[in-house]
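Dear colleague,

Please find below the structure that I am handing over to you.

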Amino acid sequence: MNQNKEIPYKIFLEENEMPKQWYNVRADMKTKPAPLLNPSTLKPMTAEELSVVFCDELVAQELNNDNAYLDIPQEILDFYKMYRPSPLVRAYCLEKKLDTPAKIYYKFEGNNTSGSHKLNSAIAQAYYAKKQGLKGVTTETGAGQWGTALSMACAYLELDCKVYMVKCSYEQKPFRREVMRTYGASVTPSPSDTTKIGRKILADHPNTTGSLGCAISEAVEVAVGSEGYRYVLGSVLNQVLLHQSIIGLEAKAALDKYDIKPDLIIGCAGGGSNLGGLISPFMGEKLRGEKDYRFIAVEPASCPSLTRGKFVYDFCDTGMVTPLAKMYTLGSNFIPSPNHSGGLRYHGMSSVLSQLYHDGYMEAISVEQTSVFEAAEMFAKVEGILPAPESSHAIRAAIDEALKCKETGEEKTILFGLTGTGYFDMVAYEKYNNGEMSDYIPTDEDLAVGFAGIPKFEGNEI
């Protein structure tokens, strides 16, 4: 076997070794994630009801709790081949810098023009929209990675793309906005006066800097009100975690080539797309009792849904037009502080990951953004990649775990997800370098405002 071979800096799979199926971790979960509820009836959403908002085949994927593997259509595989398989990198230079006995690996998802892992699901969702004969799709984006990826996918398939971008990100990240427009997408700062919901939010909160919940509300309103359009989402949903399982499947296949078993798997956590995709095949082994791993979700201290949220049914959007999802949530009215420079801004967490966390299969921590950017700059200096702020949450935790190994002498193997590059996030890096970046941790009183808006019905007490 390969266990005695020197591990290369980058482990690449051959094209013929690429996974041909997505893995659905729900099939192996003992407790399935709770179903989406119709907020009017409080009954599980039917496929017919969901198909008003989402593409038909994506609805089928959303509701599929039984099939462990789903074939990836050949057209999507052909698109994947433009930038996949993505490399699994041994962080030799970071290990040396930290003087740690730990072995550190990262799965790098930034080697495409969109700069992040989001393209894995964007092309899948755009493909199913095209296959259904739609004119276009609507969506929201926070830091801009999802909007960028979806605009690329829609341009490739000649679909119209309407993006509602969180207002503070729209202003802080003009270059990411312009990439979307270059690919033909329309980009509107949210909340806006172009929708009924946006106008209401602006009337109630005239100085708001926006949130993903606001942007989702606007995108859904436009999709439902426009013939030939559907809404697509870049994180949180079951279907998105399914598509993103390509990350973990490739990572596991690359590690298996050298008989490497990670002890610890770390991912940044906003809505759950990267984290869920990275850990899925490893979590499947844990759920089936085949192997054991330690999983850590890392979220920003300014938007701590797992570590300080409530595990209840809540709206997925601020305008309260979407189904209710059972998840760890800060309340759909929660708006992160405008001083928060990265993504990971969503008020809730994927129902799949929420259930796994609730059942004790993974851990969660929150980290402050100045320490995140400190880790980002250290990583950039020694590994040669400027990481996205989102990815840097995982880097922070990986460094901290490696330093613990230095203290104890343990030779643990750490795997983390490097979700993308930070070259469109230079305003944030500038603030950090100028000493102008500050940390903000919401008080219990701040969080109570969001919790107050969680719908109250029998069995949904907080």
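**Pockets, sheet and an enclosed strand**

The second largest pocket has a volume of about 230 Å³. Please bear in mind that this is a predicted model. The lining of the second largest pocket consists of 16 residues, and those nearest its centre are Ala34, Pro35, Leu36, Glu62 and Asn238. Two elements, helix 2 (56-63) and strand 13 (324-329), each give two or more residues to this lining. By type, the lining residues of the second largest pocket are eleven nonpolar, three polar and two charged.

The largest pocket holds about 350 Å³ of space. Its lining is made up of 22 residues, with Val53, Val220, Val321, Thr322 and Pro323 nearest the centre. Helix 1 (47-50) and helix 10 (212-225) are the elements that give two or more residues to the lining of the largest pocket. Helix 10 gives the most, with four residues. In the lining of the largest pocket, 17 residues are nonpolar, three are polar and two are charged.

In what order do the four strands of the open sheet lie? The order is 8-7-6-9, and the pairing is parallel. Strand 8 (186-190) and strand 9 (229-231) are the edge strands, each pairing on one side only. From one strand to the next, the twist averages 20°. Strand 6 (residues 136-141) is joined to strand 9 by three bridges in the parallel sense, and Val137 stands opposite Arg230 in strand 9. Helix 6 (residues 145-157) packs on this sheet, where it touches strand 6 and strand 7 (160-166). The direction of helix 6 makes about 165° with that of strand 6.

Why is strand 10 (residues 264-268) described as largely enclosed by the rest of the structure? The reason is that five of its five residues are buried, where buried means under 20% relative accessible area. In a regular strand, side chains alternate between the two faces of the sheet. Both faces of strand 10 are covered: Leu264, Ile266 and Cys268 are buried on one side, and Ile265 and Gly267 are buried on the other. Strand 10 runs parallel to strand 11 (residues 294-300), and five bridges join the two. Within strand 11, Ala297 is the bridge partner of Gly267.

Yours sincerely

Note on methods:
Residues numbered from 1 in each chain as written. Predicted model: local features only at pLDDT ≥ 70, side-chain atom pairs only at ≥ 80, totals over all residues. Heavy atoms only, no water. 1 Å grid on protein atoms, 1.4 Å probe; cavity = no way out; pocket = protein on both sides within 12 Å on 5 of 7 lines; lining within 4 Å. Points joined across faces, edges and corners; volume = space filled by probe spheres on them. Nonpolar A, V, L, I, M, F, W, Y, C, P; charged D, E, K, R; others polar. Pairing = 2+ DSSP bridges. Axes fitted to C-alpha atoms, helices over the stretch in contact; angles between N-to-C directions. Contact = heavy atoms within 4.5 Å. Buried < 20%, exposed > 50% of the residue type's maximum accessible area, 1.4 Å probe, protein only.
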